[in-house]
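Please keep the structure in view while reading the points below.

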Amino acid sequence: MVKENSTMVTEFILLGLTQSQEAQLLVFVLVLIFYLIILPGNFLIILTIRSDPGLTAPLYFFLGNLAFLDASYSFIVAPRMLVDFLSEKKVISYRGCITQLFFLHFLGAGEMFLLVVMAFDRYIAICHPLHYSTVMNLRACYSLLLALWLGGFTHSIVQVALILYLPFCGPNQLDNFFCDVPQVIKLACTDTFVVELLMVSNSGLLTLLCFLGLLASYAVILCH
């Protein structure tokens, strides 16, 4: 933790989605049902790809990693949210909040990069089929995978580093069920205009570039 002397807040109170006990119970049941469907589904995809010798193409390699990212991403918020629905006081520590923010952006950015990589894979397979096995070899696949993990880590560490230097000494209530960057920043007892601008630019630029990459790739495929 940075600036221990100016950061007096040691925990954040999560207000959740609603204060109604009936509504919380309903949302708990719905989230639990979807979670018990999505999580085994992703693990089944991974297990199928790993156990079937015929599924060795780059498409399945990236699909397995996408399922892994989806499963990992669901671990960050869903289990704690389910516990909080049954708890009277929903509290997360400062360190826990920062950790949650890091992995949310790390895995979220990694998933966006992976979707772009998968679009590029389909572009090569459809538009340049004769060069596909040469371009998308095993070494290239692992290099792209390493690049997207590094890209996600870089994006996430920038987001977290900016928050770590903010002092928190006042209100500690987050009107959400998880630690969200904009709401956490608003609780800082200092001017956060520059930090908010940097974070919006960072996330916005990343999202825009990934969207344009996906759009360009599938547009070329459709026009091919």
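According to an unreviewed UniProt entry, the annotation "domain: G-protein coupled receptors family 1 profile" covers residues 41-224. The structure discussed here is a predicted model.

**Aromatic pairs**

- The structure holds 13 aromatic pairs.
- A pair of aromatic rings is described by two values, the distance of the centres and the angle of the planes.
- The rings of phenylalanine 61 and phenylalanine 62 have centres 5.3 Å apart and planes at 70°, so this pair is edge-to-face. An angle over 60 degrees is what places a pair in that class.
- Phenylalanine 62 has a relative accessible area of 0% and is therefore buried, the limit for that term being under 20%.
- Phenylalanine 102 and phenylalanine 103 also form an edge-to-face pair, with 5.1 Å from centre to centre and 85° between the planes.
- Phenylalanine 102 is buried, with a relative accessible area of 15%, whereas phenylalanine 103, at 36%, counts as partly exposed.
- Phenylalanine 102 and phenylalanine 103 both belong to a cluster linked by ring pairs, together with Phe68, Phe106, Trp149 and Phe153.

**The largest pocket**

- Rolling a probe the size of a water molecule over the atoms shows where empty space is left.
- The largest pocket contains about 340 Å³ of space.
- Its lining consists of 18 residues. Those nearest the centre of the pocket are Ile49, Arg50, Leu55, Tyr60 and Phe61.
- By residue type, the lining of the largest pocket divides into 12 nonpolar, four polar and two charged residues.

**The largest cavity**

- How many cavities of 30 Å³ or more does the structure hold? There is one.
- About 40 Å³ of space lies in the largest cavity.
- The residues that line the largest cavity are Gly16, Leu17, Met81, Asp84, Phe85, Lys90 and Phe177.
- This lining comprises four nonpolar residues, one polar residue and two charged residues.

Technical notes:
Residues are numbered from 1 along each chain as its sequence is written. This is a predicted model: local features need pLDDT of at least 70, side-chain atom pairs count only at pLDDT 80 or more; totals for chains, interfaces and linings use all residues. Side-chain values use heavy atoms; hydrogens and water are left out. UniProt positions are given in the numbering used here, feature names are shortened, and annotations may be inferred rather than shown by experiment. Rings of Phe, Tyr and Trp (its six-membered ring) pair if their centres lie within 6.5 Å; planes under 30 degrees apart count as stacked, over 60 as edge-to-face and the rest as tilted. Buried means under 20% relative accessible area, exposed over 50%, partly exposed in between (1.4 Å probe, protein chains only). On a 1 Å grid over the protein atoms alone, a cavity is a set of points where a 1.4 Å probe fits but cannot get out, and a pocket is an open set with protein on both sides within 12 Å along at least five of seven lines; lining residues have an atom within 4 Å of a point. Grid points are joined across faces, edges and corners, and a volume is the space filled by probe spheres set on the points. Ala, Val, Leu, Ile, Met, Phe, Trp, Tyr, Cys and Pro count as nonpolar, Asp, Glu, Lys and Arg as charged, and the others, Gly among them, as polar.
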